[in-house]
Amino acid sequence: MATSGCWPAVAGDTTAAGDTDDDPCPGCGDREFRVLFQSTDRLYATTDQVFQVVECRGCRLIRLNPQPKPDQLHQYYPQNYWFSPEKT
């Protein structure tokens, strides 16, 4: 797998490491990121929206892009929201 400096490539990564976002990283303020993957809400199926999970180039914080606004969170977290993995 190819690397860019110390930033390893991700299998299936379709975006360049220099992609930018209008919202800066909440961890370090950097605007460059790479898309790790895209997904929907598989657990609760509250939306059909596809979310990008990105990694900040500056501090490597992993987050949703774009981040939902606080007034949108109720759309994604139902009243019964709770996840507890099965005991093995």
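Is glutamine 75 buried, partly exposed or exposed? Glutamine 75 is partly exposed, at a relative accessible area of 43%; here buried means under 20% relative accessible area, exposed means over 50%, and partly exposed lies in between, with a 1.4 Å probe and protein chains only.

Welcome to a short tour of this predicted model, in which local features need pLDDT of at least 70, side-chain atom pairs count only at pLDDT 80 or more, and totals for chains, interfaces and linings use all residues. Residues are numbered from 1 along each chain as its sequence is written, and side-chain values use heavy atoms, with hydrogens and water left out.

- The protein has a mean pLDDT of 78, and 76% of its residues reach 70 or more; pLDDT is the predictor's confidence in each residue, from 0 to 100.
- Confidence is highest in strand β4 (residues 32-39), at a mean of 95, and lowest in strand β1 (residues 3-4), at 44.
- Residues 1-5 have pLDDT below 50, and this stretch has eight contacts in the model beyond near neighbours in sequence; contact means heavy atoms within 4.5 Å.
- Residues 9-17 also stay under 50 in pLDDT, with 18 contacts beyond four places in sequence.

**Overall layout**

- Helices (H or I, at least four residues) and strands (E, at least two) are DSSP runs, numbered from the N terminus.
- Of the 88 residues in the protein, 19% are buried.
- Among contacts with a separation of 6 or more, 43% are between residues 24 or more positions apart.

- β4 and β5 run antiparallel and are joined by six bridges; strands count as paired if DSSP finds at least two bridges between them.
- Within that pairing, phenylalanine 33 stands opposite cysteine 56 of β5.
- β5 is largely enclosed by the rest of the structure, because five of its six residues are buried.
- β5 also pairs with β6 in the antiparallel sense, over four bridges. Here valine 53 stands opposite leucine 64, and valine 54 has arginine 63 as its bridge partner.
- In a regular strand the side chains alternate between the two faces of the sheet.
- Strand β6 (residues 62-65) has Arg63 and Asn65 on its covered face, and Ile62 and Leu64 on its uncovered face.

**Backbone details in the loops**

- Most residues other than glycine have a negative phi, and most peptide bonds are trans.
- Arginine 60 has a positive phi, near 70 degrees, and sits in the hairpin of β5 and β6, which has five residues between the strands. Arginine 60 is partly exposed, with a relative accessible area of 40%.
- Alanine 45, in the loop between β4 and β5, has a positive phi too, near 50 degrees. Alanine 45 counts as exposed, at 59% relative accessibility.
- Asparagine 65 and proline 66 are joined by a cis peptide bond, with omega about -10 degrees. Proline 66 belongs to the loop between β6 and α1.

- Tyrosine 44 is in the loop between β4 and β5 and is partly exposed, with a relative accessible area of 25%.
- Leaving aside neighbours within four places in sequence, tyrosine 44 is in contact with Pro78, Asn80, Tyr81, Trp82 and Phe83. The C-alpha atoms of tyrosine 44 and tyrosine 81 are 8.2 Å apart, although 37 residues separate the two along the chain.
- Glutamine 75, our opening residue, is in helix α1.

**The largest pocket**

- The largest pocket has a volume of about 430 Å³. A pocket is an open set of points on a 1 Å grid over the protein atoms alone, where a 1.4 Å probe fits, with protein on both sides within 12 Å along at least five of seven lines. Grid points are joined across faces, edges and corners, and the volume is the space filled by probe spheres set on the points.
- The pocket is lined by 16 residues, and those closest to its centre are Thr40, Asp41, Phe51, Leu64 and Tyr77; lining residues have an atom within 4 Å of a point.
- β4, β5 (51-56) and α1 (73-76) each give two or more residues to the lining.
- The lining divides into eleven nonpolar, three polar and two charged residues. Ala, Val, Leu, Ile, Met, Phe, Trp, Tyr, Cys and Pro count as nonpolar, Asp, Glu, Lys and Arg as charged, and the others, Gly among them, as polar.
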